Amino acid sequence: MAVENLAFLIPLLPALAFVLTFFFGKKLPSGGAIIPIAAIATSFVLSLLITLRLLANPGEVVTQSYNWFAMFNIGILVDPLAAVMLTMVTFVSLLIHIYSLGYMSHDKAQSRYFAETAFFTASMLGLILSDNILQLFVCWELVGVCSYLLIGFWFHKPSAATAAKKAFLTTRIGDVMFLAGIVILFSDLFKIFNGAVPDGVYILRFDTIFVHIPEIAAINANIFGMEVSHITLITLLFFGGAVGKSGQFPLHVWLPDAMEGPTTVSALIHAATMVTAGVYLVARTFPMFMAAPSSLMIVAYLGAFTAIFAATMGIVMNDLKRVLAYSTISQLGYMMLGLGVGATIGAEAVGISLFHLVNHAFFKALLFLCAGSVIHAVGTHDMRQLGGVAKVMPITAATMLAASLALAGIGIPGTSIGTSGFFSKDAIIENAYLFGETTGSWIPYALSIAAALLTSLYIFRLLFMTFYGKPRTDYGGHESPASMTVPLSILALLALFFGGLTSKTFNTFVSDTFVNNFVNMDISALASLGGYQLAEHAGHEPMLILWMPLIVAVAGFLIAFLVYGLKIVNMDRLVSRNNPIYKLLYNRYYQNSIFTNFFSVKVIYEGFAFAGRAIDRGFDWIVSWFADLILETGESLRQFQTGAVQNYATVVIAGVSLLVILITVVMEVL
Amino acid sequence: MIPIVAYLALSAVIFSIGLYGLMTQRSGIRILMCVELMLNAANLNLVAFSSYNGDLTGQVFALFSIALAACEAAIGFAILMSIYRMKDTINLDTINILRW
Amino acid sequence: MLPILSLIVLIPLIFAALTLLTKTKEQARSLALVATVAVLLLTVYMYFNFDSSIASNQFEELAQWVPSLGITYHLGVDGVSMPLILLNAIVLPLLILFTWNDERKSPNKFYACILATEGAVIGVFTALDFFLFYVFWELTLIPLFFMVSIWGGPNKHHAAIKFFIYTHVASLVMLLGIFGLYFASWDMTGVPSLDIPTLIAQFQYIESGIAKDMIFLALLFGFIVKIPSFPFHSWLPDAYTEAPTAGSVLFVMLKIGGYGLFKIMLPMLPFTASPNLMITILAVLGSVSIIYGAFLALSQKDLKRMVAYSSVSHMGYVTLGAAGLVSLSVSGAMFQQFSHGLIMSIMFMSCGVINNATGTRIINDLGGLAQKMPKLATIMLFTFMASLGLPGLTGFVAEVSVLAGSFVNLPVYVIIALLAIVITAAYHLWAFQRTMFGVYNEKLGTVFDINRYQTLSMGIIAILILYFGFNPSPVFDMMLTNSEHIISLMAVVGV
């Protein structure tokens, strides 16, 4: 039995696990956790086998397709891009499930937790495997629902319920844009086929879409006086969806609030998997982005901006998980930037962005799980109350250090020595430099370097405040059980060594993902449609540029060490309410006030909704007015019934006379 | 011979007087008397035409009409008596039970 | 050959009369259940013998009634009516089951009203003669009127009278349209006929453009008010809110407006004197309904009224899809009727349960119910997600078909509809969070979770929503056949 025929089991087994755990989990120990763990482990083995097979023959991808309804299909596509994502997602999900055994052991609703995480994993795997954009959207939304359920897991807490709603609605804005993109794409393809889609050809399947890219690019839309190519419109709308799901500015506001859920949820969904769906979407539709003028530039700029924007807020947060949340937003910005520089390097951008995605999944999940371990032990999120935790929890501290080194990107340039984050982040920054050289725009590069500095700063700040120094309060605490520390250790090893071992093979493997027996695309040919100038990947940057990322990372480490480790500088004056910059950052640029309080509540709810109510009362009034009119007419006609016989007689006589006269006259006329 | 117009004119005048009385009088008895006037005016008309055209149909019709007038007057007065016994008045303006 | 259609129309009506004679609640509900299950079995039999690949009427029954006036007894189903009959047949027994343990006055009259409505509605769906069509159309009003005014909420009389008179006036305008068509056809062919397929075919030969437009608009008015579409929707909030739970579900089953739109109006559309005007009217009404209903649902304080306005919003998709004139959008609109029927049934059932348990439907007075009523919370969340268009459930299939299909011809209107999606998600989630999540509001006292019958009935409908969401083909295929047939007629004229 060839393993590729079993690819459909990869999302199906966790879905079955969801159903079983939902109905029977309460009766089993640990809330039935064994079912999802077994299912995901099997999926992991399958994914790994398929990936190894693809490594051997990269051109032979796995595809299956069935009719769904009308001219849509459901189907599977496993190419290098999907394969690495599948393996990463199943592996990280498996580790987090094992970790959750210990973390959620005291919770009453364990079975619901494991059912929901199993469902989430199934949806995410379905998203990755989709061979058409509609199915991707279906799984995209399902993943969103799971996120809603898991963020609001402790739904009796009002803050959790609010955070879940905020997450769903903010990503919904992105989803509407994604849907709009699909609708326009469908309409264009429908017109290209003249309404008659041949049998066996499925509209909205990726091969059909990509084949017709040049035709779509030729259609122009007139928006507010500007001529915009449809392909740009569609890709920007898709990117809008990615902005929502991957927490890019301005739809990032849900991610920090999403920390209300259990930490394992944050690790699974908001570090490693769901938020990366946006990056995956752009990578999957990369041929369309290449053919669209300006789209990739916008992706690059927004990614770089988000990277620095989130990092600025990360350095002032006092909540462990908040810092990590902003760090996630920032790193996702890097991944988007990595895709955006495809304007210069073509299909390789998919490779370097995915590489950072996979590495980030490992070390960010590790960071969250360590934070969870700490919170589980000491019972508080606030870093100001911690300090010296390393003495009590050495394994957690060691793995956290490994993850921090990976996040900061510590390594020796020009060699194969370094943490995973070093290889992946450096690749992006180097290509940002190349982007600057080719297009003349240095903003992405400058922002990415600045963000690297801040990244190092905030993560080492977190490390020093939490793990080293003297305890600031009396918090008790103990090391976590093996079910929690073993996954930490595995992830730590990956965070340290995966990057160095696989960087060359990974990039070539994924970058060639669009050259295969299903979707055969020459990306560079599309670049001319998009008006991009591709450059050769040069390894000849000046030494300073090559070492710059390391320099800023070490600089950030030194600053954190001096301020938080040795406490040389007194931060009290800077960290006070009177410092306007601090206030701005701490209040997160007042986004909560602007988006939630002003826009959502005042403008939409109070403004539009009540206007609507007034209009509807107007309609009711019209109907009542009509009814009243009829009633009044009836009232006035009543007056004719005087009850006096003579009036009736008079009217009869008058009527008869009138009739006689009329008939005589009519007879005369006729 | 008296021209037929004279009879018709007389008939018309009597009918008009009866009509006017019917519409404006308050007393029930007067109204009934006006109805009699109108009926007799019609009879006059019928007999005049019958005489001038030599056709007896009109006079036969007039005899029927007189008989019917008598019946109707009897019933009318009987109703008026009942009203008087109930309401103690025959002023038809004040009897408007079927008012809206 | 069994006259199946006559059976499924007459059984509910006859059993309604029989139910009136019962003395106890147990007898009434059992009799009602027997009748509705009988209809279900017959409908399922009919479904499995239905050919999804032909667009013409099947299971036809034809008998002369009043030949001098052209009235016949003509029944038949096609891809437009079959799913709706199936919807009614499935939901009604579950509705009877849902009300199994409820206490109310005059249960015999109550169940009689339910059965009478079912019979009348199925009659509308199967009638192929305008006389029968109109009789059944008007017949639906009466049991619903009694339903609202006897067992309804605090403002029931006002709501019942408003509903009755409003839709009745619209039906009269529709009757004028029917007359116009009847007399015009009689003039042209010399033979009187009230047969629906015949009259629709004759419509194109009417010479006067004004006459055609007037007839079309008159008929359209009747259907538009029944759907209901903005701006003629004001009877809906009061009627749906004040009706008892069973009444609201029956209102949801009353899909005769949309049915008329697809069966009668769309085949006539290309032959009117100004088809583009008609398309614009439908598109405007549809897209404005969607967004207007959404904003109004957002501003409601009463849970059931919010659900009623969300119904207006969802039905906007039907009108918009019909105007899209692409086979995908038209079948998507038909599917939206099917999906809406299932989803709204559970929504209203949930509101009814909450009202009975806590005594209030005001959203701000509720809170934290999920802790006390976990089964209801699960089903309600599932339904809310279906209503806001979550993929994998029927709402999404309908929405994406309508939006994608309509965009081909009506881009601007689809964009307006897209804006409503976020608002839709907003009011659903806000209401759910406010009523189910958070801390339990102690002022509500003790509440019990839903009983076995309620769980069973709501659960089965939920499973159907899931099933048809993943596999819409069983009903979507026949809708697609008929919409392709309609569109092919349009192509002849070049609309």
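Chain A carries 32 positive and 35 negative side chains (Lys and Arg count as positive, Asp and Glu as negative, with His and the chain ends left out), and the centres of the two sets are 15 Å apart. Each charge is placed at NZ of Lys, CZ of Arg, CG of Asp or CD of Glu. Bear in mind that this is a predicted model, where local features need pLDDT of at least 70 and side-chain atom pairs pLDDT 80 or more, while totals for chains, interfaces and linings use all residues. Residues are numbered from 1 along each chain as its sequence is written, and chains are lettered from A in the order in which they are written.

- Within chain A, Lys470(A) sits in the loop between α21 (443-467) and α22 (482-511).
- Lys470(A) counts as exposed because its relative accessibility is 71%, and the cut-off for exposed is over 50% (1.4 Å probe, protein chains only).

**Chain A overall**
- The C-alpha trace of chain A spans about 120 × 60 × 55 Å along its principal axes.
- Of the 670 residues in chain A, 59% are buried (under 20% relative accessible area).

**Between chains**
- Chains B and C do not touch, with their nearest C-alpha atoms 24 Å apart.

Note on methods:
Heavy atoms only, no water. Helix = DSSP H or I, 4+ residues; strand = E, 2+ residues; numbered from the N terminus. Contact = heavy atoms within 4.5 Å.
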